[in-house]
Amino acid sequence: MASPSSTSHDIALEFPGGSCSLTYESLDLQSIISKCGSPEAGALVSFVGTSFCGKRVSRLEYQAYSKLAIKTISGILQHQKAWASSERSPVIYRAVHHRLGEVPVGEASIVVVVSSPHRKEAFVECEWILEEVKKTAQIWKREFYEGEDPETAEWKANA
């Protein structure tokens, strides 16, 4: 799918202990999870955010300032890795993958995965990463509602 904006395009980054991407392609949960697995991981926690049919939403559309957003997401993951290491948290791998463009109802718009020897650390870190990405990454969404003129849909912060 062609990018509607010159600043919103596919981009991915991998680094020791993590990965992140922004893509116009569907998110493949199994592929993302397989990258996060490890023989040392007793827990693999994932969050999959989907567009839903609340308030008659017919679809969502995402745009990003991709070069800056991928740096922001990578910074969140690497900051958390440094913090976790200093706290002796045994998190092994972190991943954030976010859709761009049109996302139909029921499809994943974001996937966050964390692997760790123990579930508590993985759950806590997964939630923290999700909230930080939603607060700080340069990604915007536009909600389209059934029965409403698409021209009235407004861009919103991805919070």
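User: Which strands does helix H1 lie across, and at what angle does helix H1 run to E7?

Analyst: Helix H1 (residues 29-36) lies across E1, E3, E5 and E7, and its direction is at about 20° to that of E7. Contact here means heavy atoms within 4.5 Å; axes are lines fitted to C-alpha atoms, for helices over the stretch in contact, with angles from 0 to 180 degrees between N-to-C directions. Helices (H or I, at least four residues) and strands (E, at least two) are DSSP runs numbered from the N terminus. The model is predicted: local features need pLDDT of at least 70 and side-chain atom pairs 80 or more, whereas totals for chains, interfaces and linings use all residues. Residues are numbered from 1 along each chain as its sequence is written, and side-chain values use heavy atoms, leaving out hydrogens and water.

User: What is the strand order of the open sheet, and why are E1 and E3 said to stand at the edges?

Analyst: The order is E1-E2-E5-E7-E3, with mixed pairing. Strands pair if DSSP finds at least two bridges between them. E1 (11-15) and E3 (43-50) each have a single partner strand, so one side of each lacks a neighbour in the sheet. E3 is joined to E7 (residues 108-116) by 8 bridges, and the two run antiparallel; Val45 has Val114 in E7 as its bridge partner.

User: Why is the contact between Glu125 and Arg94 called a salt bridge?

Analyst: The term requires a side-chain nitrogen of Lys or Arg within 4 Å of a carboxyl oxygen of Asp or Glu. Glu125 and Arg94 meet at 2.3 Å, N to O, so the pair qualifies. Glu125 lies in helix H3 (residues 119-136) and Arg94 in strand E5 (residues 93-99), 31 residues apart, which links distant parts of the chain.

User: How do you know whether Glu125 and Arg94 are buried or exposed?

Analyst: Buried means under 20% relative accessible area, exposed over 50%, and partly exposed in between (1.4 Å probe, protein chains only). Glu125 is at 2% and therefore buried; Arg94, at 1%, is likewise buried.
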